[in-house]
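This report accompanies the structure shown below.

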Amino acid sequence: MLTFFVVVPVLIAVLLFALATNRVVRMIAIVFQSALFAASVYLVSITRDADFYTFVGSYENLLGITLRASSLSAVLVLLTTFIFLAVTVYSFVYEEQDARMFWFLMFVLEAAFIGLFLSGDLFNIFVLIEVSTLVTVILAMYDRKNRNIFHGKVFLMTNLVSVQFFLLGLGYVYRLTGAMDITRVTESLAVLDPANLRLPYVLIMTGVAFKNTLIPLFSWTPKVRIYPQAPTVVAAVMSGLQAKTSIYLFITFQDVFEPIAAHEIFLAIGIVTGVFGAYMAICQTNIKNLLAYSTVSQTGMIIVGFSLQTQYAHIGGLYHIISHAMFKTALFLCAGIIIRSYGTADLHKIRGVLRRMPVVGTATITAVLGIVGAPFFIGSVSKYFIFEGNHPGMMALSILMSLGTMVMFVKFSKIFFGQSDLQGISPVPEVTKVLPVVIIGGLCFLGGVLGTQLIYFLFRYVVVIHAWTYMYKSLIFIAVVGVGCLIYEKGIKGRIIFERMGAATTSFKMICASMGVFLAVMLVLVF
Amino acid sequence: MAALLHYENMEIFALALFFISFFGLITSRNMIKSIIYIMLFQTSVVMFWLMLGRVGEALPMPPIINDPELLYDMSAIADPLPQALTLTAIIIGFAVIAIIITMMNVLTRKHGTADWNKLMVLEGQVE
């Protein structure tokens, strides 16, 4: 049954490649995509108690390739189909040229993501990482008028180098275990001498950390640089879903290498990434760059959730994957509408969004409240669980990260008010663009109010939010709002030095060198 | 020399090639050289994978054996799985390298240089 989840998007892709210029065909594609979404809801409901397997080619043992739907991967498939449904509706009135190829590649990308989440075979994971990277680069440079090949090339080359580390690590795993199936490999590695696991662990983690844009690696520079040129839906998918595939890899390989998993190292790296990403986001002037750096920062926070080694932090990390996908997709889609309406992506020039587009403006505000963790919004629930029950030092760090996010969105929020006469290509957004934005914005609110119920439905964890602690954290949030506004108004606004730093970039050689240094340092630390 | 090239040393050769080409990636100024080093980098990983297929003492070969006496002799055959997987890795690498070379073609035609440092300046990345 799981084969259909990978095959159906490819079939939609072929259908759209043949006839994407036809509106009726696009309607059919939306219907198919909705059916896939419904099927993945069913998948989530059946995988909650036990993993679901499909054996491709009917070899029910070590030799076969398996598709495995665990509770986490089923939820991620649900997320993938939902976000692709949203972007399909969003792009119903298509703006870029050559729609056929664009839609073909988009749905191939969806198939690659779903395959990556469902694959129970390590080598297939490598293949699908490569496919998704390649398709992402082509899609990101799809807009011929303002594409920048230099950044796309650096992105592709560095990713190719990083994935070779990953592949070499897989080679060592194969030599140690003689298997590529995740379940078998985990079983075998658990009984082996941990001393033998260090080299493959470090090699694989170098690749995975690079994909995750963690901080000692300079992978965020090419990644962020290709955002402004990417079409809106591609930017939304890159930030909302591709970042999640890397986090899924991180979780998977930390589980596979459980005997020697270096949780403390990744905890430190996650904290640094969270703070530094927020700092870089504050320095941006392009609306898409700001959101992209915010993704770097949020990835750090999710890594922290999975490295803290407590039950609550784990649940918080899982829920933060969902909430980040929701509000970041909403923010990117809103940003696309705003850029089309104003004809510029400069945060200093866009003013008065609320007056010009009240509905889109409200949806954007909902998403912003979600990301900064306002009470009763989706981000507050996941952040509550990540930092619940840890010692006060973690609490202080969480406030520092929230403060960074707050300052960048104080800067972002300036676009809602004021007055501007700039006119872009379409001042009034189409209904098909507004509808998905409003629905995802609404989910940012519902996911906060019904947080515990949603966590129970998705992950089968029974969790309780203590009213007093939540109140206490809400008070901290209000304090953070005040301090954030103060820092922005007094310290950052109008200082040109920050924008200079925000434009800093690194060369291909530096990025490769950072990979080597990361590998060496990890080896020393693990030994 | 012949002893050095013995299959037992191949794994070490693969790892040596891995780090030599990685050193090349860090140091080369020219984009074409970077691409050549990336290809070497991939080749070294592929070489490592091929050496994994060795089961017995013999050189890694596909398990196609005509002599029925040798059929159950594990030292004469190789594990076919790494060979199949390597083939996939080579094909993917080929596709990605093809796209990278196409991009390089566009860039060098636009700017007239394949030097990383000059390209950074021309693309407005550094002042």
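The text that follows describes selected local features of this predicted model.

**Helix H8 of chain A**

Helix H8 of chain A covers residues 194–211, and its 18 residues reach 25 Å from the first C-alpha to the last, close to the 26 Å expected at 1.5 Å a residue. The helix carries a kink of about 25°, centred on A:Pro200. Of the 18 residues in H8(A), 13 are buried, which leaves the helix mostly covered. A:Pro200 itself is buried, with a relative accessibility of 1%. Apart from neighbours within four places in sequence, the residues in contact with A:Pro200 are A:Gly169, A:Tyr172, A:Val173, A:Leu176 and A:Phe257. Just after H8(A), A:Thr213 adopts a positive phi of about 55°.

**Salt bridges**

Five salt bridges are counted over all chains.

| Nitrogen side | Oxygen side | N to O distance |
|---|---|---|
| A:Arg175 | B:Glu11 | 2.2 Å |
| A:Arg340 | A:Glu430 | 3.4 Å |
| B:Lys110 | B:Glu123 | 4.0 Å |

A:Arg175 and B:Glu11 form a salt bridge. This pair crosses between chains, joining helix H6 (residues 149–177) of chain A to helix H1 (residues 10–27) of chain B. A:Arg175 is partly exposed at 43% relative accessibility, whereas B:Glu11 is buried at 17%.

A:Arg340 and A:Glu430 also meet through their side chains. The pair links distant parts of the chain, 90 residues apart: A:Arg340 belongs to helix H13 (residues 311–342) of chain A, and A:Glu430 to the loop between H17 (392–413) and H18. A:Arg340 counts as buried because its relative accessibility is 14%, under the 20% limit. A:Glu430, at 23%, is partly exposed.

In chain B, the side chains of B:Lys110 and B:Glu123 meet in a salt bridge. B:Lys110 lies in helix H3 (residues 80–111) and B:Glu123 in the segment after helix H4 (116–122), 13 residues apart. B:Lys110 is exposed, at 61% relative accessible area, while B:Glu123 is buried, at 15%.

**Nonpolar surface patch**

A:Phe376, A:Phe445, A:Leu446, A:Val449 and A:Leu450 make a nonpolar surface patch of about 460 Å². Among them, A:Leu446 lies in helix H18 (residues 431–449) of chain A and is partly exposed, with a relative accessible area of 44%.

How values were computed: Residues are numbered from 1 along each chain as its sequence is written. Chains are lettered from A and ligands numbered from 1 in the order in which they are written. This is a predicted model: local features need pLDDT of at least 70, side-chain atom pairs count only at pLDDT 80 or more; totals for chains, interfaces and linings use all residues. Side-chain values use heavy atoms; hydrogens and water are left out. Helices (H or I, at least four residues) and strands (E, at least two) are DSSP runs, numbered from the N terminus. The expected span of a helix is 1.5 Å times one less than its number of residues. The bend at a residue is the angle between axes fitted to the seven residues ending there and the seven starting there. Buried means under 20% relative accessible area, exposed over 50%, partly exposed in between (1.4 Å probe, protein chains only). Patches are made of residues with over 30% relative accessible area and no salt bridge: like charges are joined within 9 Å, nonpolar side chains (Val, Leu, Ile, Met, Phe, Trp, Tyr) within 5 Å. Accessible areas come from the Shrake-Rupley method with a 1.4 Å probe; for residues, only the protein chains shown count as cover. Contact means heavy atoms within 4.5 Å.
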